[in-house]
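Subject: Structure handover

Hello,

Here is the structure I promised to pass on. Please open it alongside this note, which goes through what turned up.

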Amino acid sequence: MSADTSSTTSPTQAGGPDASGAAAPDKPKLTLYGGTGTGRRVTVRDLARAKRDGEKWAMLTAYDAVTAGVFDEAGIPVLLVGDSAGNNHLGYENTVPVTVDQLVMLAGAVVRGTRRTMVVGDMPFGSYQSSPSQALDTASRFMKEAGCGAVKLEGGRRVLPQVDALVQAGVPVMAHIGLTPQSVNVLGGYRIAGRGDEEAEKLISDAKALQHAGAFAIVLELVPAELAQRVSQELEIPTVGIGAGAGTDAQVLVWTDMAGLTRGGVPKFVKQYADLRTVLGAAARAFASDVVSGVYPDESHSYH
Ligand code: KIV
């Protein structure tokens, strides 16, 4: 794992861990969730430390500067500019049509809107599968143009050469196995992955191979809870579950699902923490009604 060179203040100045990784005696121990005061972004070393300490953490998707800023202020340590932007932000049916240009633009906005969170750029379908050098070209755009701290790609053994090339080039890689939505056209839908002994063993072996290739974390999507727990226990790097039960080291949700903005139903694994669709709809209706009736703008909202 690469050394953390992103810090602009010394760890002891910032109240962070000292060189041995221990918290300075007179300073509160930093946590991933909400931990502030380092004056720098969360790094892969912080995530590795959390795994060693058994500290769980939360990741959300983000697709714009404003929302990302809210999540950053809320202390979310990792934001994923997911290709789920396709169906949650850009109006596509799934993630397949999303382009690198689109995600690099959104990722740049998320980086600009945040100060502390690690921003992970999702490499979209067709942007890394051809070769390790294609993967490196795409990852470079996320790192150089958008300012991401890491990239994510989907797949097990088939993307090992890509993961290896990126890590050798100094790009932190988050892997993604289980259900891989970019393969929806082969899978014929979104199905639970890793059911049955053979599939489970393949998933475990993929996870270990990705860890060996240098991935710093692995997303496990739509995987039976017992299997995800076993993978998490057997790996040294953190696992990030989505529809994978409570046994993973971290959890990720698509923010529009989590906040109740998604139209229609959401999968069983989603817990909705707000009802933004109702709140926003009510605000829009109230505004329109005030305009139509002449209530808005009144004197208090006018200049003379
Ligand atoms: O694109 C995305 O939002 C993702 C998460 C579901 C992990 O890949």
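H5 and H6 cross in a right-handed sense. This is a predicted model, so please read everything below as computed from it.

**H5 and H6**

H5 covers residues 132–146, and H6 covers residues 160–168. Their axes lie 8 Å apart, at an angle of about 50°. H5 is therefore oblique to H6. From H5, the contact takes Pro132, Ala135, Leu136 and Ala139. From H6, it takes Pro161, Gln162, Ala165 and Leu166. By class, that contact has seven nonpolar residues and one polar residue, with no charged ones.

**H4 and H5**

H5 also packs against H4, which spans residues 100–112. Here the angle is about 35° and the axes are 9 Å apart. The crossing of H4 and H5 is right-handed. H4 brings Val100, Val104, Ala107, Gly108 and Val111 to the contact. H5 answers with Thr138, Arg141, Phe142, Glu145 and Ala146. The contact of H4 with H5 divides into six nonpolar, two polar and two charged residues.

**H8 and H9**

Next, a pair further along the chain. H8 runs over residues 197–213 and H9 over residues 225–234. They pack at an angle of about 30°, with axes 10 Å apart. H8 and H9 are therefore roughly parallel to each other. Their crossing is right-handed. On the H8 side, the contact residues are Ala200, Leu203, Ile204 and Ala207. On the H9 side, they are Leu227, Arg230, Val231 and Glu234. This contact of H8 with H9 has six nonpolar and two charged residues, and no polar ones.

Glu154 stands opposite His176 in S5.

**The ligand**

Which residues surround the ligand? His176 is one of them. The shell also includes Thr61, Leu80, Gly82, Asp83, Ser84 and Asp122. Val219, Glu221, Ile242, Val252 and Val254 belong to it too. By class, the shell around the ligand has five nonpolar, four polar and three charged residues.

**Backbone points to check**

Most residues other than glycine have a negative phi, and most peptide bonds are trans. Two places in the model deserve a look on that score.

The first topic is phi. Leu222 has a positive phi, near 50°, and is a residue other than glycine. Leu222 sits in the loop between strand S6 (217–221) and H9.

The other topic is a peptide bond. The bond from Tyr296 to Pro297 is cis, with omega near 0°. Pro297 lies in the segment after helix H11 (276–293).

That is the handover. Over to you.

Best wishes

Notes: Residues are numbered from 1 along each chain as its sequence is written. This is a predicted model: local features need pLDDT of at least 70, side-chain atom pairs count only at pLDDT 80 or more; totals for chains, interfaces and linings use all residues. Axes are lines fitted to C-alpha atoms, for helices over the stretch in contact, and angles run from 0 to 180 degrees between N-to-C directions. Helices (H or I, at least four residues) and strands (E, at least two) are DSSP runs, numbered from the N terminus. Angles under 35 degrees count as roughly parallel, over 145 as roughly antiparallel, 65 to 115 as roughly perpendicular and the rest as oblique. A crossing is left-handed if the near helix is turned anticlockwise from the far one by less than a right angle, and right-handed if clockwise. Two residues are in contact if their C-beta atoms, placed from the backbone, lie within 7 Å. Ala, Val, Leu, Ile, Met, Phe, Trp, Tyr, Cys and Pro count as nonpolar, Asp, Glu, Lys and Arg as charged, and the others, Gly among them, as polar. Two strands pair if DSSP finds at least two bridges between them. A residue is near a molecule or strand if its C-beta atom, placed from the backbone, lies within 6 Å of it.
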